[in-house]
Amino acid sequence: MLINWLSTNGLLNEILQFLGFNADSNYLLDADKYWWIASLSDVWKEAGWGTILYLATMAGIDNALYEAAEIDGASKIQRIWNITIPGIRQIIILNLILTVSGLLGSNLDQTLVLMNSQNQPKAEVINSYVYRVGLSEGDFSYATAVGLGVSIVSTILLVAVNLVTKKINDNQSVL
């Protein structure tokens with residue numbers, strides 16, 4: 001979809017031309033726009049999963065807590081801060097751990113789809129580098145070493161975040 005939307009004859013250019021702008025560029029060929037495109041498309045891709053998790057967790061918070069807080073004179077912001085956020089704290093922690101564990105892993109499939117010869121210098125991430133060096137250039141030992149190093153750093157980050165979240169969780173009461 002992104003390739004079709006951002007191409008020269010794509011949806012974005014058509015909308016811009018309809019609005020009166022001179023738009024005839026292929027955004028995926030512009031290396032300076034690559035990270036904007038990759039970041040926004042990743043947020044768009046992951047938003048559904050996060051929304052489902054957060055809405056399901058918020059649906060499980062007892063409405064009596066909100067009603068009692070409203071009777072006590074709590075504002076909407078106070079109810080969010082004191083009831084909703086503590087109620088979804090476990091999902092926030094889970095998402096943080098999942099995000100940090102995949103932080104260095106990047107999104108290889110998205111990178112390989114969006115990367116081309118024009119934007120490769122700015123689109124290259126560790127996993128695409130390992131893929132290129134290992135499979136395309138045949139240097140399996142070096143690619144394995146780089147991949148192992150990424151895995152070790154990711155494990156260290158994951159353990160650190162897990163320890164921090166346990167420490168934070170132990171210091172706060174659970175609803």
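A polar contact is a pair of N or O atoms within 3.5 Å. I kept that cut-off in mind while going through this predicted model.

**Entry 1: Ser7**

I started with Ser7. I found Ser7 in the loop between α1 (2–6) and α2 (11–18). What does the side chain of Ser7 reach? It reaches the backbone oxygen of Asn4, at 3.2 Å. I then listed contacts, leaving out residues up to four places away in sequence. Ser7 touches Asn13, Ser25 and Asn26.

**Entry 2: Asn119**

Next I looked up Asn119. This residue sits in the loop between α7 (108–114) and α8 (120–123). Is Asn119 buried or exposed? Its relative accessibility is 0%, so I noted Asn119 as buried; the cut-off for buried is under 20%. I checked its side chain for polar partners. A polar atom there lies 2.8 Å from the backbone nitrogen of Asn116. Setting aside residues up to four places away in sequence, I saw Asn119 touch Leu28, Ala31, Tyr34 and Leu114.

**Entry 3: Gly105**

I moved to the loop between α6 and α7, where Gly105 lies. I read 22% relative accessibility for Gly105, so this glycine counts as partly exposed. I also took a C-alpha separation. Gly105 and Val125 are 20 residues apart along the chain, and their C-alpha atoms are 8.8 Å apart.

**Entry 4: α6 against α10**

I turned to helix pairs. Two packed helices are described by the angle between their axes and the distance between the axes. For α6 (residues 89–101) and α10 (residues 140–170), I noted an angle of about 165° and axes 8 Å apart. That angle makes α6 roughly antiparallel to α10. α6 passes α10 in a right-handed crossing. Which residues of α6 meet α10? I listed Arg89, Gln90, Ile93, Leu96, Ile97, Val100 and Ser101. On the α10 side I listed Ser154, Leu157, Leu158, Val161, Asn162, Thr165 and Asn169. By class, I noted seven nonpolar, six polar and one charged residues in this contact.

**Entry 5: α4 against α5**

My last pair was α4 (residues 63–71) and α5 (residues 76–87). Their packing angle is about 150°, and their axes are 10 Å apart. I therefore wrote down α4 and α5 as roughly antiparallel to each other; the cut-off is over 145 degrees. Their crossing is right-handed. From α4, I found Leu65, Tyr66, Ala69 and Glu70 meeting Arg79, Ile83 and Thr84 of α5. By class, the contact of α4 with α5 has four nonpolar, one polar and two charged residues.

Definitions and conventions: Residues are numbered from 1 along each chain as its sequence is written. This is a predicted model: local features need pLDDT of at least 70, side-chain atom pairs count only at pLDDT 80 or more; totals for chains, interfaces and linings use all residues. Side-chain values use heavy atoms; hydrogens and water are left out. Helices (H or I, at least four residues) and strands (E, at least two) are DSSP runs, numbered from the N terminus. A polar contact is a pair of N or O atoms within 3.5 Å; within protein, one must be able to donate a hydrogen and the other to accept it, and residues adjacent in sequence count only if both atoms are side-chain atoms. Contact means heavy atoms within 4.5 Å. Buried means under 20% relative accessible area, exposed over 50%, partly exposed in between (1.4 Å probe, protein chains only). Axes are lines fitted to C-alpha atoms, for helices over the stretch in contact, and angles run from 0 to 180 degrees between N-to-C directions. Angles under 35 degrees count as roughly parallel, over 145 as roughly antiparallel, 65 to 115 as roughly perpendicular and the rest as oblique. A crossing is left-handed if the near helix is turned anticlockwise from the far one by less than a right angle, and right-handed if clockwise. Ala, Val, Leu, Ile, Met, Phe, Trp, Tyr, Cys and Pro count as nonpolar, Asp, Glu, Lys and Arg as charged, and the others, Gly among them, as polar.
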